[in-house]
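Me: Here is a structure that I have not looked at before. Please take me through it by question and answer.

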Amino acid sequence: MILSTRQMLIDAQENHYAVPAFNIHNMETLQIVAQTAVHMRSPLIIAATPSTVTYAGADYLVAMAETAAQTADIPIALHLDHHEDIKTIEEDIDAGFSSCMIDASMLPFEENVEKVKKVVAYAHRYDVTVEAELGKLVGIEDDVTVEAEDAVYTDPDNAADFVERTKIDSLAVAIGTAHGLYKGKPKLDFARLEAIRSRISIPLVLHGASDVPDELVEKAIALGICKVNIATDLKIPFSQAVKKYFADNPSANDPRQYMTPGKEAMKKIVEHKIKVCKSAGRY
């Protein structure tokens with residue numbers, strides 16, 4: 001069965017590793033992350049942004065994730081990533097999603113708190129875990145764009161107050177990562193991460209982990225990150241492999257054939273990201 005992220009993130013926190021959350025878009029991408037996680041003996045969070053849920057349908061995503069969970073002997077959660085509309089979140093929870101992220105980080109602090117509290121009140125009735133974000137990551141996530149000058153790092157003291165008042169299960173922190181690809185070399189504020197970790201006890205989440213050097217992700221995990229989000233690093237190799245297949249086979253028209261190179265390219269990245277997430281931990 002599909003699980004919530006509660007116990008898998010607590011286990012990661014206690015044993016100093018991170019659970020990878022891979023953004024999927026369709027059956028093929030869900031299949032490859034699930035199959036690879038089983039092969040690598042890793043817990044797995046299957047994540048879907050609002051546009052993915054709109055594209056594939058909540059019921060279809062739940063059914064596919066349930067199939068993966070029934071045939072796998074690893075913990076699997078199905079997570080709503082970067083959702084902003086409360087009504088949609090409630091509908092997707094009713095459909096069977098086991099974890100959700102309410103992203104009200106663009107709002108002023110007090111409005112963020114109040115919106116998150118409403119989601120927590122609904123989700124916790126059904127043992128669905130809630131992640132929220134404090135701070136703003138530069139870059140593009142679905143249809144939301146944050147320019148560099150508008151990025152805001154997470155304040156450690158505000159984080160403690162936010163967690164206490166909202167009763168969330170995990171907190172996504174802004175420490176210098178970005179959504180999408182970086183324009184320069186990533187610089188993560190590890191001192192800030194340590195300060196946040198010292199003030200709150202719930203699991204911490206690193207968004208924007210694509211295009212971040214492995215050693216920086218590993219250090220973030222060592223300092224308390226328990227969940228790592230990966231999206232762009234999967235989409236690019238998948239798309240490039242499909243494009244190359246069509247370039248080499250211009251008359252191709254069978255999705256089973258041209259999707260296969262994309263899945264193979266994506267599998268290599270999933271394997272690598274899982275290794276990074278578990279590198280310092282005790283599985």
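Me: Over which residues does pLDDT stay under 50, with 14 contacts beyond four places in sequence?

Reply: This is a predicted model, in which local features need pLDDT of at least 70, side-chain atom pairs count only at pLDDT 80 or more, and totals for chains, interfaces and linings use all residues. Residues are numbered from 1 along each chain as its sequence is written, and side-chain values use heavy atoms, with hydrogens and water left out. pLDDT is the predictor's confidence in each residue, from 0 to 100, and contact means heavy atoms within 4.5 Å. The stretch with 14 such contacts and pLDDT under 50 is residues 144–150.

Me: What pLDDT does the protein chain average?

Reply: Of the residues, 90% score at least 70. Over residues 138–142 the pLDDT is below 50, yet this stretch has 21 contacts in the model beyond near neighbours in sequence. The average for the protein chain is 91.

Me: In what order do the eight strands close into a barrel?

Reply: Strands (E, at least two residues) and helices (H or I, at least four) are DSSP runs, numbered from the N terminus. Two strands pair if DSSP finds at least two bridges between them. The pairing in the barrel is parallel, and the order is β1-β2-β3-β4-β5-β8-β10-β11.

Me: How many residues of strand β3 are buried?

Reply: Buried means under 20% relative accessible area, exposed over 50% and partly exposed in between, with a 1.4 Å probe and protein chains only. Strand β3 covers residues 76–83 and is largely enclosed by the rest of the structure. The number buried is eight of the eight.

Me: Which residue in β4 is the bridge partner of L80?

Reply: On one side, β3 pairs with β2 (residues 44–48) over five parallel bridges, and A47 stands opposite H79. Strand β3 is also joined to β4 (residues 99–102) by three bridges, again in parallel. The partner of L80 in β4 is C100.

Me: Within what arc do the buried residues of α9 fall, seen down its axis?

Reply: In helix α9 (residues 214–222), the buried residues are L216, V217, A220 and I221. They line one face of the helix, because the directions from the helix axis to their C-beta atoms stay within a limited arc. That arc is 140 degrees.

Me: Which exposed residues does the face of α9 turned away from its buried side carry?

Reply: The buried residues of α9 are covered by elements including α8 (190–199), β10 (204–206), β11 (225–230) and α11 (255–278). The face turned away from them carries the exposed residues E215 and A222.
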